[in-house]
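Subject: Structure handover

Hi,

Here is the structure I promised to pass on. Please open it alongside this email, and my notes follow below.

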Amino acid sequence: MQEIIQLAAATAGSLGFAALFNIRGKKLVFATLGGFFAWGVYLAVAQFSANPYLCGFIASVMLTLYAECMARVHKTPVTVFLVSGAIPMIPGASLYYAMSCLVHQNWAEFTAQSTYAFLFAASMSAGITVTTIIFQNIWDHLK
């Protein structure tokens, strides 16, 4: 039941950001599905691995593949699907707790939370970057 609530929240978050970016029509639906898909992959990988960075990396790889494909199908920039789909994975809670610990001068917890947020964001960034480079190279060779 908890996973269903997480997927619903991820979908709603992606929908909100896609609407904020003025995405309309079918593109709004597919941009929203990207967030659902990415968080679903994250949850699926989490069943097999306790490493959240690996989960974030694989979910980012799959989201980037989805966004690249949707961009070509809808003749739209990749960022339309990628940014709104990546929103549910952003480590916002860790960033919040890190800043709270900074304000309260709890240095040990600040270090732990900010390190987690940085490493998770780096794993997402690595997944997006590696996948984009490989996809672009393959796409260029297919033309």
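A word on terms before the details: a residue is called buried when its relative accessible area is under 20%, exposed when that area is over 50%, and partly exposed in between (1.4 Å probe, protein chains only). This is a predicted model, in which local features need pLDDT of at least 70 and side-chain atom pairs count only at pLDDT 80 or more, while totals for chains, interfaces and linings use all residues. Residues are numbered from 1 along each chain as its sequence is written, and side-chain values use heavy atoms, with hydrogens and water left out.

The salt bridge

The structure holds 1 salt bridge, meaning a side-chain nitrogen of Lys or Arg within 4 Å of a carboxyl oxygen of Asp or Glu. E68 and R72 form this pair, with 2.7 Å from N to O. Both residues sit in helix α3 (residues 52-74), 4 residues apart, or about one turn of the helix. (Helices are DSSP runs of H or I with at least four residues, numbered from the N terminus.) E68 counts as buried because its relative accessibility is 2%, whereas R72, at 25%, counts as partly exposed.

Helix α1

Helix α1 (residues 2-20) has 19 residues, and its end C-alpha atoms are 27 Å apart. Buried in α1 are L7, A10, S14 and A18. Seen down the axis, the buried residues fall within an arc of 65°, so they line one face of the helix; the arc is taken from the directions from the helix axis to the C-beta atoms. They pack against α2 (25-46) and α4 (78-86), where contact means heavy atoms within 4.5 Å. On the face turned away from the buried side you will find the exposed residues Q2, I5 and L20. After α1 comes N22, whose phi is positive, near 60°.

S94, in helix α5 (residues 92-103), counts as buried because its relative accessibility is 9%. Leaving aside residues up to four places away in sequence, S94 touches Q113, Y116 and A117.

I134 belongs to helix α6 (residues 107-142) and is partly exposed, with a relative accessible area of 48%. Together with V130, I138, W139 and L142, I134 makes a nonpolar surface patch of about 480 Å². Such a patch joins nonpolar side chains (Val, Leu, Ile, Met, Phe, Trp, Tyr) within 5 Å, from residues with over 30% relative accessible area and no salt bridge.

Best wishes

How values were computed:
Patches are made of residues with over 30% relative accessible area and no salt bridge: like charges are joined within 9 Å, nonpolar side chains (Val, Leu, Ile, Met, Phe, Trp, Tyr) within 5 Å. Accessible areas come from the Shrake-Rupley method with a 1.4 Å probe; for residues, only the protein chains shown count as cover. Helices (H or I, at least four residues) and strands (E, at least two) are DSSP runs, numbered from the N terminus. The expected span of a helix is 1.5 Å times one less than its number of residues.
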